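Here is a short note to read beside the model. Please keep the sequence and the 3D view open as you go.

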Amino acid sequence: MALPFIAGIALGAGIAFAFSKRDEIAKTLGNLNLDKKLQDGLKASKSIIATTKETAKKSPNKKPGRKPKAKTADNIAAKSITSPDGDKL
């Protein structure tokens, strides 16, 4: 029952701590060059998508094979059932 109350206090304390250290956090995040890394990731993903599209266009379109029929009670009953002695039932 007290878990949401405790979680709220912890979240509030975390936000207050981050607010008091916002200059240090901004300096640390600024040094990581996140914008450049994000742009490099986007370029890499676009090139992978383009090569995948080209490969898909080049591959022949195969028709799907025939799916096996599901076993039904009628199909099972229609087959001849033999006993262990070899007699048909």
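This is a predicted model: local features need pLDDT of at least 70, side-chain atom pairs count only at pLDDT 80 or more; totals for chains, interfaces and linings use all residues.

The points below go from the whole chain to single residues.

1. **Overall make-up.** Which secondary structure does the chain have? The chain has four helices and zero strands. Read along the sequence, the pattern is α-α-α-α.

2. **Burial and surface.** The chain has 89 residues, and 1% of them count as buried. Its accessible surface is about 8900 Å². Carbon and sulfur atoms account for 64% of that surface.

3. **Helix α1.** Helix α1 covers residues 3-20, which makes 18 residues. From its first C-alpha to its last, helix α1 reaches 26 Å. That is close to the 26 Å expected at 1.5 Å a residue. Why does α1 lie largely in the open? Of its 18 residues, the number buried is zero, so α1 lies largely in the open. Buried here means under 20% relative accessible area.

4. **A charge over a ring.** Look next at arginine 22 and phenylalanine 19. The charged end of arginine 22 sits over the ring of phenylalanine 19. The distance to the ring centre is 4.4 Å. As for aromatic pairs, a search of the whole structure finds zero.

5. **A nonpolar patch.** Which residues form a nonpolar patch on the surface? They are Ile25, Leu29, Leu32 and Leu34. Together they have about 330 Å² of accessible area. Isoleucine 25 belongs to helix α2, residues 22-30. Its relative accessible area is 37%, so isoleucine 25 is partly exposed.

6. **The salt bridge.** How many salt bridges are there? The count comes to one. Lysine 36 forms a salt bridge with aspartate 40. Their closest N and O atoms are 3.4 Å apart. Both residues lie in helix α3, residues 34-58. Lysine 36 and aspartate 40 are four residues apart, about one turn of the helix. An α-helix has 3.6 residues a turn, so residues three or four places apart point the same way.

7. **Exposure of the two partners.** Is lysine 36 buried or exposed? Lysine 36 has a relative accessible area of 54%, so it is exposed. The cut-off for exposed is over 50%. Aspartate 40 is at 39% relative accessibility, so aspartate 40 counts as partly exposed.

Note on methods. Residues are numbered from 1 along each chain as its sequence is written. Side-chain values use heavy atoms; hydrogens and water are left out. Patches are made of residues with over 30% relative accessible area and no salt bridge: like charges are joined within 9 Å, nonpolar side chains (Val, Leu, Ile, Met, Phe, Trp, Tyr) within 5 Å. Accessible areas come from the Shrake-Rupley method with a 1.4 Å probe; for residues, only the protein chains shown count as cover. A salt bridge is a side-chain nitrogen of Lys or Arg within 4 Å of a carboxyl oxygen of Asp or Glu. Helices (H or I, at least four residues) and strands (E, at least two) are DSSP runs, numbered from the N terminus. Buried means under 20% relative accessible area, exposed over 50%, partly exposed in between (1.4 Å probe, protein chains only). The expected span of a helix is 1.5 Å times one less than its number of residues. Rings of Phe, Tyr and Trp (its six-membered ring) pair if their centres lie within 6.5 Å; planes under 30 degrees apart count as stacked, over 60 as edge-to-face and the rest as tilted. A charge sits over a ring if NZ of Lys or CZ of Arg is within 6 Å of the ring centre and within 35 degrees of the ring normal.
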